[in-house]
Amino acid sequence: MVDEKKIKREVLEHACLHPEAYFPVNTLKSKGFERYQCSKCNRFFWATKSSKVCGDPSCSGGFRFIGDSPAKKKLDYIEVWEQFAKIHKKLGYTPISRYPVVARWNPTVDFTIASIAAFQPFVVSGEIAPPANPLVIPQMCLRFSDIDNVGITGHCVAFVMMGETGFFTPEEYNVEKYMSDHLTWLHEGMGIPFNELTIHEDVWSGGGNLGPCMEFFSRGLEISNQVYMQYEITPSGELKDLNIKVLDMGQGQERAAWFTQGKASVYECIFPTVLKKMRERTGVEYDEAFMRKFTPLAPYLNVGEVTDMEAAWKHVASQLKMDVQALKDKLLPLAAQYAVAEHTRALLFAVHDGALPSNVGGMYNLRVILRRALGFIDKYGWKLSLPEICAWHAEYLKPIFPEVSENLDEVAEILEVERKKYIATMEKTRNMLPRLIEKKLSVQDLIKLYDSQGISPEMISDEAAKLGKHISIPDNFYALVAAQHEQKEQETATVREEALSIPGDIPGTKALYFEDYTKSSFDSKVVEIFGNTVLLEQTIFYPISGGQLADLGTLNGQKVIDVFKQGPHIVHVMSEKPKFHAGDVVHGEIDFDRRLQLAQHHTSTHIVNAAARKVLGLHVNQASAKKDVDKAHLDITHYENLTDEQLAKIEEESNKIVKQGIKTKLSFVPREQAEREFGMAIYQGGVAPGKLLRIVNIPGVDVEACGGTHLKNTMEAGRIKLIKASKVKDGIVRITFAAGRAAENILKQDKEILDKAAVLLKCNVHQVPARALELFETWKKARKAVQKKQPLPDLTLKSSEGFKGDLLAKTAEVLQTQPEFIIKTIERFLADLENWQSS
Ligand SMILES: [Zn+2]
Ligand SMILES: [Zn+2]
């Protein structure tokens with residue numbers, strides 16, 4: 001393993017001796033900066049006037065801009081981005097819109113955590129072109145490592161990282177220009193005089209890349225960080241020049257507003273209108289004079305860095321010459337309000353961009369912040385609702401992020417469902433608490449209670465306090481919970497084992513199944529045979545992938561029983577040792593009925609996904625899918641199970657799309673073009689690598705990057721029948737359905753069941769549900785009578801009420817059984833009635 005930290009240290013040591021080889025020293029010198037070394041931490045830095053210490057708050061004496069900002073411009077939160085975009089546009093950068101906070105295009109992370117993450121991995125690797133170059137972007141990012149600090153220390157879960165970003169060949173790369181551009185922004189845009197800037201030399205590394213960087217400080221606050229990502233760390237630990245060198249400057253929009261305004265609290269600068277409305281509702285007051293004294297002390301209360309939190313509170317209180325309780329009484333309601341405002345803004349972006357709070361993976365973090373916010377609202381008895389606060393945020397942010405105003409109703413509904421779940425858990429568990437607090441609860445117990453039952457440690461400690469008991473909770477509890485979940489997800493990620501060792505010089509297999517799914521035979525030269533497995537030059541056999549089963553068939557009449565993809569090769573598994581040899585030309589045929597059925601199920605998966613989004617809302621995304629022969633299923637992100645009405649509506653919408661006879665467009669498109677034209681929603685089935693994406697476009701309905709075999713026209717799906725919906729895990733609903741002949745079969749079976757039920761119940765099919773219900777009720781009454789040895793009631797069935805809708809589903813519902821057991825159930829009831837009558 002290469003020790004990235006060690007290499008970074010070595011590069012920094014070298015850079016200290018040869019700054020001109022790493023840093024834009026000419027630009028710095030031309031603007032009057034000179035190089036100094038910090039007498040406290042020994043780092044090298046640049047300033048326009050002689051200084052013994054660097055700009056780090058611990059060396060230079062904390063924040064010194066509060067109430068006294070050196071910035072000549074006072075920018076509010078919105079203006080910061082507007083000015084940033086305007087000035088950079090003049091300097092040749094193109095302002096672009098943010099990417100979603102849900103990083104669907106990046107297989108390694110759930111959320112976008114930095115501005116550069118919008119372009120990882122494929123733009124940074126050079127596989128696809130950036131949307132503009134160079135560019136600036138207001139990238140909303142989500143990070144969950146400091147949840148417990150939000151409200152107190154100035155941390156945020158959601159923050160905008162304004163990026164100055166560029167991707168250049170080594171010849172074009174020009175760090176002197178990037179420094180000059182950034183200084184122009186700081187100087188002209190924010191109005192910071194150069195003599196108020198301290199610029200540190202440092203080295204950044206991450207994800208196998210490395211580069212020098214310059215950190216910009218003013219009055220003890222780190223304002224921005226410009227990274228010159230130029231090297232790749234090879235497996236042997238050498239530095240290799242990247243083919244594409246990257247400019248990656250990230251600056252917090254929140255901090256920029258805070259710094260120029262010089263207010264005591266960063267939160268006051270981020271959402272001023274939202275806080276104002278919250279205060280009108282709650283009466284919580286903001287005391288700027290108090291906050292001015294508190295803010296410099298806030299880092300002492302950082303739960304990630306403090307071991308004894310009570311001691312930290314005592315220290316801060318003594319510095320303020322206050323009693324600890326008085327300090328908490330003054331600060332905590334205000335901090336809680338900041339946290340509610342902050343968490344709600346994070347939820348607004350996450351949910352708008354298609355994430356749902358749940359118990360699963362990274363989405364769990366959303367539930368954590370949602371419950372933390374609701375917990376504060378509850379605790380203080382505030383008349384505030386998260387959807388309403390979302391709307392306030394959306395209104396304020398309209399000049400930069402108009403998109404979050406688009407589906408506020410949907411966001412509101414999702415948050416409301418989550419709130420109800422939260423209340424239900426609280427009520428259910430409140431009864432358990434007295435018993436719980438009798439036990440000695442370990443941290444693991446607390447996490448388990450929170451995870452499995454939603455009982456927060458605050459609830460336990462509050463309840464315990466009422467009984468005069470003290471329960472200690474780790475101050476970084478929520479970070480611990482989040483960490484545990486992330487770990488779990490990583491462990492469950494499985495890696496497919498390579499089945500064959502194929503020599504590197506064997507060329508990849510040409511896939512012939514993309515264009516025309518109706519082609520069912522082909523000829524190909526045999527490249528290699530390993531035991532029962534065959535590699536061909538080209539094939540129409542679809543290898544199992546993307547949730548679609550493999551094609552089966554024959555090669556020269558011998559059976560192919562499995563087909564899978566391994567790297568660039570498509571591997572055919574034969575039922576026996578092939579009778580042909582490497583170099584022969586063989587004739588291949590696939591089982592076309594199976595191929596047709598799988599194609600129908602695959603195209604229908606895209607159709608049902610689009611229909612579900614139309615019926616349920618924009619938050620619906622494909623979580624996974626499987627296309628079998630007799631049926632298929634699609635897992636969608638949705639916050640509760642579907643009602644029969646919703647299911648019927650999705651089926652109706654799906655069949656509308658089928659009947660419209662829309663021609664599908666199947667093509668290979670350069671990745672950047674596909675992303676630009678169709679957006680990040682194309683990654684429904686996950687991210688596929690490569691410069692070219694196979695795009696399956698059902699115009700006006702759905703566009704996805706997908707490698708499956710697809711129909712030429714939606715009409716070819718025949719008919720889509722939704723079989724059922726079930727919640728498979730938190731936030732994920734599975735829709736099981738069938739298309740084509742499989743759907744016909746199910747419909748035929750359904751019709752047979754209904755016909756038979758009608759005969760048994762002596763009515764027409766529309767009357768079956770009501771008759772079945774009458775039978776069930778009569779049976780129950782009769783059984784009671786038999787048990788009590790009373791005379792039997794009238795057993796004749798008279799109901800003639802008709803039903804409109806899914807007759808089978810309704811009948812199954814009234815009989816409280818599954819459709820396949822309807823006949824048996826009716827027969828049993830009828831037999832019982834007959835027995836009772838005759839005995
Ligand atoms: Zn220092
Ligand atoms: Zn697909």
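Predicted model: local features only at pLDDT ≥ 70, side-chain atom pairs only at ≥ 80, totals over all residues.
**The zinc site**

Let us start with the metal. The zinc ion (ligand 1) is held by the SG atoms of Cys38, Cys41, Cys54 and Cys59, at 2.2 to 2.4 Å. Along the sequence, these donor residues follow the spacing C-x2-C-x12-C-x4-C. The arrangement around the zinc ion (ligand 1) is tetrahedral, because its four donor atoms subtend angles of 106 to 115 degrees, and four donors count as tetrahedral if all angles lie between 85 and 135 degrees.

How accessible are the residues discussed here?

| Residue | Relative accessible area | Class |
|---|---|---|
| Cysteine 54 | 2% | buried |
| Cysteine 59 | 7% | buried |
| Glutamate 4 | 25% | partly exposed |

In soluble globular proteins, nonpolar side chains tend to be buried together. Here the largest nonpolar core has 183 residues, and those with the most contacts inside it are Phe119, Phe294 and Leu386. The biggest contribution to this core comes from helix α11 (residues 324-352), which gives 16 residues.

Phenylalanine 119 is worth a visit in the viewer. Not counting residues up to four places away in sequence, phenylalanine 119 touches Ile96, Tyr99, Val124, Pro131, Leu135, Ile137, Thr165 and Phe167.

**The barrel**

Next come the strands. Six of them close into a barrel with antiparallel pairing, and their order is β11-β12-β16-β15-β14-β17. From one strand to the next, the twist averages 45 degrees. Within this barrel, where β14 and β15 are adjacent in the order, strand β14 (residues 553-555) pairs with strand β15 (residues 558-566) in the antiparallel sense over three bridges. Which residue in β15 is the bridge partner of threonine 554? That partner is lysine 559.

**Glutamate 4**

Glutamate 4 lies in helix α1 (residues 4-17) and is partly exposed at 25% relative accessible area. Leaving aside neighbours within four places in sequence, glutamate 4 is in contact with Ser205, Gly206, Gly207, Gly208 and Ile233. For a sense of span, consider isoleucine 695, which is 691 residues from glutamate 4 along the chain; the C-alpha atoms of the two are separated by 38 Å.

Note on methods. Residues numbered from 1 in each chain as written. Chains lettered and ligands numbered in written order. Heavy atoms only, no water. Core = buried A, V, L, I, M, F, W, Y, C linked by side-chain atoms within 4.5 Å. Buried < 20%, exposed > 50% of the residue type's maximum accessible area, 1.4 Å probe, protein only. Helix = DSSP H or I, 4+ residues; strand = E, 2+ residues; numbered from the N terminus. Contact = heavy atoms within 4.5 Å. Pairing = 2+ DSSP bridges. Axes fitted to C-alpha atoms, helices over the stretch in contact; angles between N-to-C directions. Donors = N, O, S within 2.8 Å, 3.2 Å for Na, K, Ca; no water. Tetrahedral: all angles 85-135°; square planar, octahedral: opposite > 155°, others 65-115°.
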